Amino acid sequence: MSPTPRSFSHIGLSVPDLEAAVKFYSEVLGFYVVMQPSEAIEDDSAIGTMCTDVFGPGWGSLRIAHLATADGIGIEIFEFPGNYAPDKNLEHRRHGTFHFAIQDPDVEGLLERIVAAGGRQRMPVREYFPGKKPYRMVYVEDPFGIVFELYSHSYELTYSAGAYE
């Protein structure tokens with residue numbers, strides 16, 4: 001029996017300034033704030049116990065906020081005490097997650113808003129099928145160095161047509 005595809009629930013991001021990140025992701029990308037920034041501490045509460053399970057004893061405290069995309073995907077944003085930036089924002093050869101993607105039919109307009117808000121454009125806007133289909137993409141960084149991609153069309157439409165032929 002083949003496994004059934006699962007839904008994507010959320011992604012967790014670590015940032016140096018939780019309020020600034022909530023502002024960026026809600027005001028620039030339009031994500032809904034479903035839980036304002038709050039603090040979790042190492043204690044016997046449900047969240048405290050869960051964090052100890054994940055981070056191990058001695059984690060102390062963290063700040064967290066929850067946002068959601070228009071299609072209900074969660075963006076869980078953390079600010080950890082003693083956080084630090086990676087040496088490179090895009091370590092594509094390192095195993096693990098190295099980007100996520102946001103879909104907007106106005107890639108260029110969203111790109112302008114991201115750059116105006118302190119983000120960075122990592123490459124020119126590119127077309128998957130130049131002159132044939134209007135599928136566009138670009139890699140960007142948020143103001144905190146988190147790399148993500150902008151797509152003009154859905155993942156299924158972009159790749160079901162054989163984008164690499």
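Predicted model: local features only at pLDDT ≥ 70, side-chain atom pairs only at ≥ 80, totals over all residues.
Residues are numbered from 1 along each chain as its sequence is written, and side-chain values use heavy atoms, with hydrogens and water left out.

Let me begin with the helix. In helix H3, which spans residues 107-116, the residues Val107, Gly109, Leu110, Leu111 and Ile114 are buried, where buried means under 20% relative accessible area, exposed over 50%, and partly exposed in between, with a 1.4 Å probe and protein chains only. Helices here are DSSP runs of H or I with at least four residues, and strands are runs of E with at least two, numbered from the N terminus. Among the elements that cover these buried residues of H3 are helix H1 (18-28) and strand S8 (136-141). Just after H3, Gly118 takes a positive phi of about 105°.

Now to the loop between strand S3 (61-68) and strand S4 (74-79), where Thr69 lies. Why does Thr69 count as buried? Thr69 counts as buried because its relative accessibility is 11%. Leaving aside neighbours within four places in sequence, Thr69 is in contact, meaning heavy atoms within 4.5 Å, with Phe31, Tyr32 and Ile75.

Finally, Val34 lies in strand S2, residues 32-41, and Val34 counts as exposed because its relative accessible area is 57%.
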